[in-house]
Amino acid sequence: MSEVSLETIVSLAKRRGFVFPSSDIYGGLAGFYDYGPYGTQLAKNIRDLWWQHFVEKVPNIHGLDSAIIQNPKLWEASGHVAGFNDPLVDCKNCQARHRADHLAGVDSTDLKKLDELIKDKPCPKCGQKGHFTEARTYNMMMKTYVGPVEDNENVAYLRPETAGSIFTNFELVRETTRAKIPFGIAQIGKAFRNEISPRDFIFRTRELEQMEMQYFVDPKNETEEYENLRKFNWNFCIEAMGFDEANLQWHEHTEDERAHYARAAHDIQFKFPFGFKELWGTHNRSDFDLTAHGKASGKELNYFDPETEKSYVPFVMESSVGVGRIFLAALVDSYAEEDVEGEKRVVLRINPKLAPVNVAILPLMKKPELAGKAKEIYTMLNQSTNLRIEYDETGSIGKRYRRQDEIGTPKAVTVDFDTLENDDVTIRDRDTMEQKRVKITDLAKELSNDS
Ligand code: GAP
């Protein structure tokens, strides 16, 4: 199991073009990050894998891509305008703002309990003890104005979760797909939260991306459907992402911790460098959302069961995970350091399906005859396979192997002088570093089998 520090991951992410602080040349902006070339590809591969498992391979789950800004009535009805709050305190000595639950080390929204727990704690910024204001709630919705007039009439919110518009589209999706309960609606997209203390790199950001699926079920099956969804989420982490099971554990929310809409909630926690923390939420949202939106909009969001000829408001089982959070988990889970002939080798043993690059094509040296042949092979593989291939001729072969190891490239193909004579190349394996000789005519098949 990896025991890598967060600093090591942040440094690798920047050095190898996975994640940069946003607007880095201006000193960045807390809670916002940009994904570099390899990070963009890794995030896309994660999204694609999730979409395959949650939409493409499941006949009764349908995709959605809604607007980020919706009618603000949605967020009033959902309870977010009134209740999407975090507990906040100020340090009276240095004026720094902190999340009271983080200072207290508990997941709780009980303000009195938090005041009691933190009253003798030091401020993380100035170190003074006992100088906190009373905890108060702070709404995390990010506001903007729609149109040219900046007044209360035109306030709108950047969505704090992708789930909201799934509920408002429930009836349209049901009608257009002729779906029968149980069925799901899935969405991947950006969400925004004005977090008091964004931290731990891309773990807690103010702009985030969620992969969410709401499964609409008959209320009488809530327990069975909830348990099935929990298993489905867990299996995705193990089987699709390839995470080490020792890095995962369940955490059941107490009543105190649960979001305002949740009747039951279990997190899959991942062993991040800063401890086991929430990776993925499964929630039983009961009929909370469809009832609330039905009442507020005046449109009944009921389901008519053609078999029993009865109507009911479906219950919602929710699966929700952040792209950035599972991306960070993938880096931590796959990071390894080893000693190779007295030198440190850093390698991302990432699932080959997720690796930003599948195959690196490397001429042994930057000689025209080797580069020419290597480029020919690059073009051949590009045209005949779906592999993500990178050509690299810059630097010593040893340094190029190390670079690909750090990016997590499962296979490197080396073109040397024997290639020119025998029409064969060396394939080097990322994990074992073993090398084997393969005919160029067999290369596409050989690499496609492995990826
Ligand atoms: N629709 C339910 C919902 O949004 P949540 O527990 O607030 O529930 C779900 O968030 C998931 O979204 C979390 O498990 C986490 O993976 C991700 N997430 C939440 N807040 C985040 C933040 N500030 N930065 C990055 N990811 C976040």
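Helices (H or I, at least four residues) and strands (E, at least two) are DSSP runs, numbered from the N terminus. This is a predicted model, in which local features need pLDDT of at least 70, side-chain atom pairs count only at pLDDT 80 or more, and totals for chains, interfaces and linings use all residues. Residue numbers start from 1 along each chain as its sequence is written, and side-chain values use heavy atoms, with hydrogens and water left out.

**View 1. Q187 in strand β9.** Strand β9 covers residues 183-192, and Q187 lies in this strand. Q187 is buried, at a relative accessible area of 0%. Buried means under 20% relative accessible area, exposed means over 50%, and partly exposed is in between (1.4 Å probe, protein chains only). Accessible areas come from the Shrake-Rupley method with a 1.4 Å probe; for residues, only the protein chains shown count as cover. Q187 and E207 are 20 residues apart in sequence, and their C-alpha atoms are 16 Å apart in space.

**View 2. The shell around the ligand.** The ligand is surrounded by 22 residues, and E161, R193, E212, E278 and L279 are the closest. A residue counts as near when one of its heavy atoms lies within 4 Å of the molecule or strand in question. Strands β10 (207-217), β13 (275-286) and β16 (315-322) each supply at least two residues of this shell. The largest share, 6 residues, comes from β13. By type, the shell holds 7 nonpolar, 6 polar and 9 charged residues. Here Ala, Val, Leu, Ile, Met, Phe, Trp, Tyr, Cys and Pro count as nonpolar, Asp, Glu, Lys and Arg as charged, and the others, Gly among them, as polar.

**View 3. Side chains at the ligand's oxygen atoms.** An N or O atom in the side chain of R193 is 2.8 Å from an oxygen atom of the ligand. For Q210, a polar side-chain atom lies 3.0 Å from a ligand oxygen atom. For Y261, the distance is 3.4 Å. On its own, the ligand has 550 Å² of accessible area, and the protein covers 92% of it.

**View 4. The lining of the second largest pocket.** Thirteen residues line this pocket, and L74, T168, H293, S297 and K299 lie nearest its centre. Helices α3 (73-77), α8 (170-177) and α10 (288-297) each give two or more residues to the lining. The lining divides into 4 nonpolar, 5 polar and 4 charged residues. A pocket is an open set of points on a 1 Å grid over the protein atoms alone, where a 1.4 Å probe fits, with protein on both sides within 12 Å along at least five of seven lines; lining residues have an atom within 4 Å of a point.

**View 5. The loop between α8 and β9.** R178 lies in this loop. R178 has a positive phi of about 55°, although R178 is not a glycine. R178 is exposed, with a relative accessible area of 69%. P182 lies in the loop between α8 and β9 too. The peptide bond from I181 to P182 is cis, with omega near 5°. Most residues other than glycine have a negative phi, and most peptide bonds are trans.

**View 6. Helix α13 and G408.** Helix α13 covers residues 397-407, and its buried residues include R400, Y401 and Q404. G408 follows α13 and has a positive phi, near 95°.

Conventions. A polar contact is a pair of N or O atoms within 3.5 Å; within protein, one must be able to donate a hydrogen and the other to accept it, and residues adjacent in sequence count only if both atoms are side-chain atoms.
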